[in-house]
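Student: I have a structure open and want to work through it. Can we take it step by step?

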Amino acid sequence: QVEQVKLLDRFSTSNKSVTGTLYLTATHLLFIDSSQKETWILHHHIAAVEKLPLTTSGCPLVIQCKNFRIVHFVVPRERDCHDIYNSLLQLSKTAKYEELYAFSYNPKQNESEQVKGWQLIDLAEEYKRMGVPNAYWQLSDANRDYKICETYPKELYVPRTASKPIIVGSSKFRSKGRFPVLSYYHKNKEAAICRCSQPLSGFSARCLEDEHMLQAISKANPSNRYMYVMDTRPKLNAMANRAAGKGYENEDNYSNIRFQFVGIENIHVMRSSLQKLLEVSGTRGLSVNDFLSGLENSGWLRHIKAVVDAAVFLVKAIAVESASVLVHCSDGWDRTSQVCSLGALLLDSYYRTIKGFMVLIEKDWISFGHKFSDRCCQLDGDPKEISPVFTQFLECVWNLTEQFPQAFEYNEVFLLQIHEHVHSCQFGNFLGNCEKEREELKVKEKTYSLWPFLLAEQKKYRNPLYNPDFLPELTLLEPNTVSFNFKFWRNMYHQFDRSMHPRQSVLNLIMNLSEQNKQLEEDIKELEAKIKQRNGQSDVVLVKENQQSAHPAPVALKTPPCFKKEQLPVPGNDAVRTIEGSNTADNRYSELVSEFSKAEPAVVSLEYGVARMTC
Amino acid sequence: RFVGSLGTIVIKCKDLRIIQLDIPGMEECLNIASSIEVLSTLDSVTLLYPFFYRPMFEVLEDGWRSFLPDQEFELLSSATDEWRLSCINKEFSVCPSYPPVVIVPKCITDEELRKVAMFRYGSRFPVLSYYHRKNGMIMMRSSQPLTGTNGRRCKEDEKLINASLRPAKRGYIIDTRSLNVAQQARAKGGGFEQEVHYPQWRRIHKGIERFNILQESLIKLVEACNDQSHNMDRWLSKLEASNWLTHVKEILTTACLAAQCIDREGASVLVHGTEGTDSTLQVTSLAQIILDPRCRTIRGFESLIVREWLQAGHPFQQRCAQSAYSNSKQKWEAPVFLLFLDCVWQILRQFPCSFEFNEQFLIMLFEHAYASQFGTFLGNNESERAKLKLPQKTMSLWSWVNRKEELSKFRNPIYEANSLVIWPAVAPQSLQLWAGVFLRWNRPSQYLEEAHEEMVKIINYNKELQERVKVLRRHLAEMEAAERAQGNL
């Protein structure tokens, strides 16, 4: 515990700060300022701690978080600062999974709730929903005990015609044994999205089983005999891989395939791209042109567009040509996950619901072994394995929600919350790198699943404009991928920089209104029931009711547009309140009024603030 | 504005739309093309549409008389008596680009004003632009003083500017040119106020671009937006090269600065650039939107445009002649007003509940400023408008807009009056390209519009439900009262 610590505003030029006390707990860093406002930072969220050179006011300490929060403390005494620095370094870097927050987090659930929570998302159920197993596709037990592929789940769906020897043979010809399996099945088109890793083709190697495997996939689609093979890497990278005995499919060796590169860059490029983006967006007193050229140089939006473009290509193959598609990259757990999941999201409106999005993440990311632990640096490990692949996926989805405001049941807050917990290590879902690892960690017994918690507070994550019947006939989304449609995701990268956000949020307002609407509907039902009940009692009242119902129209016309302020100025209102006693609506109104984000005058970030000019 | 070839006419409109017509006959095509050419480049103002337009609606209120200076002054005099209405410019004899009546400090006589006018470029002497009721601070605007290289002075000018300050108060002169540009202006007889001669005032320079730089910026931006084949890097670098958002940021920052001086520092402000008809007006009008809740209502915003743009003599006819697709370089063309609207849109986006009008209202104003069936934006100042007899011969835009049917389209459904000062964020991350204008014809907007409709539906449904609950409650209460009465019997 250190007192008299200053928290600096990241973008303010006048070095405004709040003073308070800094605490370190076992799991969190806590800062309480003089007005008792608390700032909690989970140790697992800390990406880097940096001590800056001593200044006159104390020792500055900058903490960068994985959720893009950056806090800047000034500790008066250097000793304290050093201590904090060291403790944070230790606390934020964990060597063993068992020490992660998830294993100590206790949300006060009993065992059966915990089990139920883990059962909320059932992938077998999901494949059933897609329509498999069926005449062409079946569940394979080839990977029981993770024998063939350690990073795949146990239950995999393959074409019926793919026998076990074919599977085994194909897996030996694929990097990390990740042979082609079903990711998504499109019932109406009878076409499938399959995924795998790169073939170990080198310059000329062939594998008959692998060729059979691909043939089996294309034959499993009765509506189109040829299939696409999408290599999501840039051609140059794929060719370079050949020297290492890996590579890509030779169209001549496989019958009826159409091979296509789509050019998404690898994890290292993405990592440094994000680094550049953060450098630019974190600059103080940034000019518009520096921002735009920084945005361009980082290449970040170009990468986002590349992923969406790839997904659009995939979707066209399925929706227009009814052709099955096999997607792979190098190991088939980064770019492949991005493209497969985004493609499915465009094809199937189920994944645009709150529950469906959870299923999609469970399926294409968690179960197929996206290396969350390595990519998000859950344990102290190789910094070269870190990469914002999943963040990119969320950003792609966000861009789609911007283009189709009514197509998604969830809102931006939902995406941000998932991003938060991918890094928080508070829940078991994202721990480790694959199913096998999670099984060994006994994640399902020792930790909790994130999804029931999100579902319980889904009110917060609902898009009030969501229209389930959006595009009734075809559920397919066809996004426009012209460059100007992709925007910088301010709410992700500046989530904690309040000075940058609009002061009033339309989303919150509409969310509140539609909540209020539901409540009002209930109120009306209740009132009507009461009136009905009374009507049964006396006839006199009935006459009155008729008179009454003739009146409301003129009142409605007079209502001013600023309806939120009026606290029901009806003469009879007070009487109603006293009679009914606990009227739910009353509390809620005041709550709502206070919730409406009023314009709070905030200091404008002027580069040449008045303060500086006058002195 | 059009390129004709082989039976195809491409019409590039001022609202940035591009229409392509395929016409079968070559000769007909040429005829049509030349007709369009002639009709779209009429020389005489009096041949323009507003002089022939006959409204198809009933005029309830003459927009030409909707916003008179007298009303504005009445409002002012309810708060302070330090100012007076001067009719010195009655026949536009003192300053051709000022309206006949202006508001000046009470202690300055018309005679003194005449002398000040001689000392200011284009005779635009300092006049009141805004009075901040909260603390009595004021904002004035003018053109540059004619100090020249030898530092001319004008006692009356110094008196006027100092008279606008209350005792022991300070003021800021915001010069919308960079110090460099302002210094260069001295060689041409212009210049800036020496702080020694205006002891209570501090001068701040903020460089806002003008004329052809803005026009080129607009042309580049529109070009970038119209080319859908750009990859991401190219798009971003084109957007950057256009500098449009830089201008938006500059203007917003300066307006915030002016507002900050007034509201936070408790100081008065004088704003001027060179002529005081462009960047000056951008700053004074935006500062008022930030400070004054009234300017965020439909009526108040209209009044602001009349006061700070039309009457203040922004030369609309010169600035808004051709828009972004002009081939011939027009020396006076510049999207000054469009930039102002863009800035308003940026604030509107950041405070979506604090404006009575919506984005459509701003887009409508943009369209009418460039091409309109109404006479409101014709001419370069009030004097020209009087000469053209616009109020007699044409219809005012306000007569049309302020009818119930039209207003309903421009109302912001989530408006809630907000009496606070609203400070917009000006970080580049907080600014956005105004898609409603620049991508309007290039992006699919169907889904966005549907979403907007849904939003309006939710809001209206909410109102409806509240009404019903109210009625039912009252009803129930009456029934209960009746019951009690019966019980008492």
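Student: Which residues form the covered face of strand 13 of chain A?

Tutor: This is a predicted model. Strand 13 spans residues 257–261 of chain A. Arg258(A) and Gln260(A) make up the uncovered face. The covered face is Ile257(A), Phe259(A) and Phe261(A).

Student: In which sense do strand 12 and strand 13 of chain A pair?

Tutor: Strand 12 covers residues 227–231 of chain A. Tyr228(A) stands opposite Arg258(A) in strand 13 of chain A. Five bridges join strand 12 and strand 13 of chain A, and the sense is parallel.

Student: What is the handedness of the crossover from strand 12 to strand 13 of chain A?

Tutor: The chain leaves strand 12 of chain A and passes through helix 6, residues 235–242.

Student: Which elements do the buried residues of helix 4 of chain A pack against?

Tutor: Helix 4 of chain A runs over residues 164–172. Its buried residues are Ile166(A), Ile167(A), Gly169(A), Ser170(A) and Ser171(A). They pack against strand 8 (137–140), strand 9 (156–159) and helix 5 (208–219) of chain A.

Student: Which element of chain B has the lowest mean pLDDT?

Tutor: Chain B averages a pLDDT of 89, and 98% of its residues score at least 70. Helix 9 (residues 279–291) of chain B has the highest mean among the elements, 96. Where pLDDT is low, the predicted coordinates should not be read in detail. The lowest mean, 49, belongs to strand 1 (residues 2–5) of chain B.

Key: Residues are numbered from 1 along each chain as its sequence is written. Chains are lettered from A and ligands numbered from 1 in the order in which they are written. This is a predicted model: local features need pLDDT of at least 70, side-chain atom pairs count only at pLDDT 80 or more; totals for chains, interfaces and linings use all residues. Side-chain values use heavy atoms; hydrogens and water are left out. pLDDT is the predictor's confidence in each residue, from 0 to 100. Helices (H or I, at least four residues) and strands (E, at least two) are DSSP runs, numbered from the N terminus. Buried means under 20% relative accessible area, exposed over 50%, partly exposed in between (1.4 Å probe, protein chains only). Two strands pair if DSSP finds at least two bridges between them. A crossover is right-handed if, with the strands pointing away from the viewer, the path from the first strand over the helix to the second runs clockwise. Contact means heavy atoms within 4.5 Å.
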